[in-house]
Structures are given as C-alpha cells and as structure tokens.
Amino acid sequence: MADSSKKMSLMGLTTLVAVNMMGSGIIMLPANMAQIGAVSLLSWGITALGSMAIAYSFAQCGLFCARSGGMSAYTEEAHGRSGFFMASFLYYLSLAIGNVAIAISAVGYITPFIPWLGTGATPLFVGVVALLWLTTVANFGGPRLTGKIGAVTVWGVIIPVAGLSLIGWFWFKSAIFVEAWNPHGSPLGEAISSSIPLTLWAFLGMESAAANSDAVENPKRNVPLACLFGTGGAAVVYILSTTVIQGIVPNAELAHSSAPFALVYSTMFTPMVGNVILFLAVAACVGSLLGWQFTLSQVSKAAADQRMFPAFFSRVTASEAPVIGMLVACVIQTLMAMSTMSPDAAAQFGKLVNLAAVTNVIPYVTSLSALMIIMHKARVEPGLFKRNVVALLVAMAYSFYALYASGKDAVFGGMIVMAVGYLIYGFIAHRFMDDAAKPVQTKV
C-alpha cells in the first residue's frame, strides 16, 4: 500500500493547479482588454464559471478513465480512433499557436531593453523566431532541466500579478476606471463576446489539472476539488489584477502598451521597479515557453507512439529528448509567426489567441462529450452521474459560446484545419483496420 503521508494534499494540488494555469497567460491581457475597455472585465465571470465546469469535467474523465493519452484517449472512448487523431492534431496545433503568442509576449517585454524590436513587423518577427529557436534548442538537454527552470521562472509572472491584486488598490482611481469602462461605446454583448477568447486564453492548460491524480491523497474527492479551487483561485487573481490595472493606467496608454504589468509598476513606483518587473516577466515567458515547447514535443511523440503521427516524432536522444519532433515543431511555429506578421505585438497576439482558442476548444468538446460513456463503463452511481452531467452541460455551453465569440475568421481557420486533419487521417486509417473486419471480396 502506498504511504499516504508522501502524497500530495488538497492544498498542495490546488496550488499546483493554479500555478500551472497562470504561467504567462495573463501577461499581455491587460493591453488587449484595454482595447475593448474595462467593460471586457465582465467576461471574466463567464469564463471563470465555464472554466471551472471544464476543469471539473476533465477531473471526472481522469478519475473514471484509466487510459493514458489525456484528451485524445477520452475522445476515443466516444468517437473512435479518428477522434483520437483529431484531438491530438488540433491540440498539437493549438499548443504551437500558443507558443508563438507567448513568444510575442516575451518580445513585448524585451522591447524596452532592445527598442529596435518595436520598430516594425520584421524586427518583431525576428525577435519571436529567435526566442522560439532558442527555447527549442535549450530543450535538447531533456526534461529534467526544463522542469527545474520552469518551476522557478513561473513565479516571475505570478508574484507581480498576484502582488498587484493586493497592493494595486492603493493607487486605484475610480475616475480613470470610469473613463476606461467603454471608450468605444460598444454594445454590452459585443464587448463581452470580443473579450471571451482573451479570458479563455488565460485558463488554457486546465485540461492538465487531473494529471497528478496518482500522487494525491483521496483522489476521488481531492482532484475535483483542487480543479475547482485552483481554477477559482486563478480566476480571482486574474479578475483583481486586470481590474485594478485599468484604474491606475489611463486606457489609451494601457491599450498601446507592449508590457502592461511593467507599465503599471512604473506608474505605481519608479521606472526602476518597472524594469525589474520587465526582467521577471521576460524570465517567466522564456521559462514558460521552454516548458510548452517540450510539452508540444511530448504531444507529438504520444501520437506517434499510437501510429497517428509520423514515426520520427517518437525518436528520442539518450537524454530522452525528442529532438527531431522539436525541430519540426519549431519550423511549424516559425511559419505561423510569418503568416501572422504585424508591427503591433498586441494585434498579432490577439489574432493568435482567437485561433488558439478555437483549436483548443474543439478537443475540449470532443473529449468532454465522452464523459457520459466513460461514466457508463465505470458504472458510476446515479447521483454522481446526474451531478457530472450538469457540470458537463455548463462546460459545453461555455465551449460553444467561446467558439462563437472567437469570431468568424478564427472559426473559419479552425474549420479549414479540421478538414485538412480528416484528409490526413484518411491516409493513415488503414493502419488501424482489423484484418478480420475487412469485407470479403466477391465476384459480381
């Protein structure tokens, strides 16, 4: 029997969930939300509720489906092998898109140190691609070093953001906040919908919340609770920090900032403090990007191990690093950065976030829709089944709304990507045919 004293407590898992989710997702959001106005803050409540329902539903999938493979494995339970492939394919692309967005965030915070990066589309592109390749090559050493770096650098975002949530209110001015409320006079529904993909971006990664269930005390109780508390805790920090910043920095100035948290600390204290925040944010983005680059390579390796992706994605070095898969992923990300080139970091970031939301939410829908069949197979007791179905319906309603709110361009792009994915699967589907199930050839 495992020693329960060595397992993670509810508090420990809750902290882990919140830290994993926060990462660098929040770092550019105040500038993008300021372009809509402080009215965009209303979307946090909708996204927090939807995200907690999604996280809880994923936790239930993880508890009652013992298979490895995460979202792809859950999807296969209801939608077969093609579902496994499509979930892996779309999730892989969403992580690649997200990595480009993180690199843009990092370049935005580096720009005050290297002003040339902010002089046009080409310098921004050069900076983004340089970071993508730097973090790819740095992962050649294997997962151990990557994990250690990420565990330290993530606090470079969490401390300033959480700190602003607490102390920023001493500098908060209601007049600045009121002026920032709805500067463009947008209809309420339109303003909320426009900001839904931005707020969802901050919660992406919640699908990994149940990954540590084997190392947790009383997982059937603590994993769902940690998902709810961790997601809720992150939501509180997100709401407080993005609210207070819009009452400290005037809207027009915040909307055009490439480093909003550094700007607010410079406003509150001195430019020297702002530069410290710049350094912390850059370190956090690089560390986060380092970790996500490795995660991306692991997603492709897992799919290749299932014969879904080309076999070269499975090849690893002596240090357990799938180097070929990393190089291919970096080439894909470079092409993505090229296709979305813009002289405005915030504009490019927003475009990528919308597309990342679409390509991530679709695997959410396919995998969570399998929760009912997973519970049927596990013979879950009726009361828990009904409660989980209610949470699932909330999660699905939010997912559908998030797809709608991402805009026609992002949804159109996502549909093209899905169509290409189904074509690719058509070429590999024969690998999974059971010879006994092949139709008998008869003469006519």
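Trainee: What makes Ser300 count as buried or exposed?

Mentor: Bearing in mind that this is a predicted model, Ser300 has a relative accessibility of 0%, and since buried means under 20%, Ser300 counts as buried. The residue lies in helix α13, and, leaving aside neighbours within four places in sequence, Ser300 is in contact with Tyr92, Phe309 and Phe313.

Trainee: Which residues does Lys301 touch, and what makes its pairing with Asp305 a salt bridge?

Mentor: Lys301, also placed in helix α13, touches Phe313, Ser314 and Val316 when residues up to four places away in sequence are not counted. As for Asp305, the closest N and O atoms of the pair are 3.1 Å apart, and because the rule asks for a side-chain nitrogen of Lys or Arg within 4 Å of a carboxyl oxygen of Asp or Glu, the pair is called a salt bridge. Both residues lie in helix α13, 4 residues apart, which is about one turn of the helix. Asp305 has 46% relative accessibility and therefore counts as partly exposed, a label given between the limits of 20% and 50%.

Trainee: How many salt bridges does the structure hold, and what ties parts of the chain that are 300 residues apart in sequence?

Mentor: The structure holds 3 salt bridges, and one of them joins the side chains of Glu77 and Lys377, with an N to O distance of 2.7 Å. Glu77 lies in helix α4 (residues 70-110) and Lys377 in helix α16 (residues 371-378), so this pair ties together parts that are 300 residues apart in sequence. The two partners carry separate labels: Glu77 is buried at 18% relative accessible area, whereas Lys377, at 53%, counts as exposed, the limit for that word being over 50%.

Trainee: Why is Phe279 called exposed, and which residues make the nonpolar surface patch?

Mentor: Phe279, found in helix α13 (residues 271-305), has a relative accessible area of 57% and is therefore exposed, given a limit of over 50%. The patch, of about 530 Å², is made by Phe113, Ile114, Trp116, Val126 and Phe279.

Trainee: What is the mean pLDDT of the protein chain, and where does pLDDT stay under 50?

Mentor: The mean pLDDT is 85, and 90% of the residues reach 70 or more. Over residues 440-444, however, pLDDT stays under 50, and the model has 0 contacts there beyond four places in sequence.

Technical notes
Residues numbered from 1 in each chain as written. Predicted model: local features only at pLDDT ≥ 70, side-chain atom pairs only at ≥ 80, totals over all residues. Heavy atoms only, no water. Patch = residues over 30% accessible without salt bridge, like charges linked within 9 Å, V, L, I, M, F, W, Y side chains within 5 Å. Areas by Shrake-Rupley, 256 points an atom, 1.4 Å probe, with all protein chains shown as cover. Helix = DSSP H or I, 4+ residues; strand = E, 2+ residues; numbered from the N terminus. Buried < 20%, exposed > 50% of the residue type's maximum accessible area, 1.4 Å probe, protein only. Contact = heavy atoms within 4.5 Å. pLDDT = per-residue confidence, 0-100.
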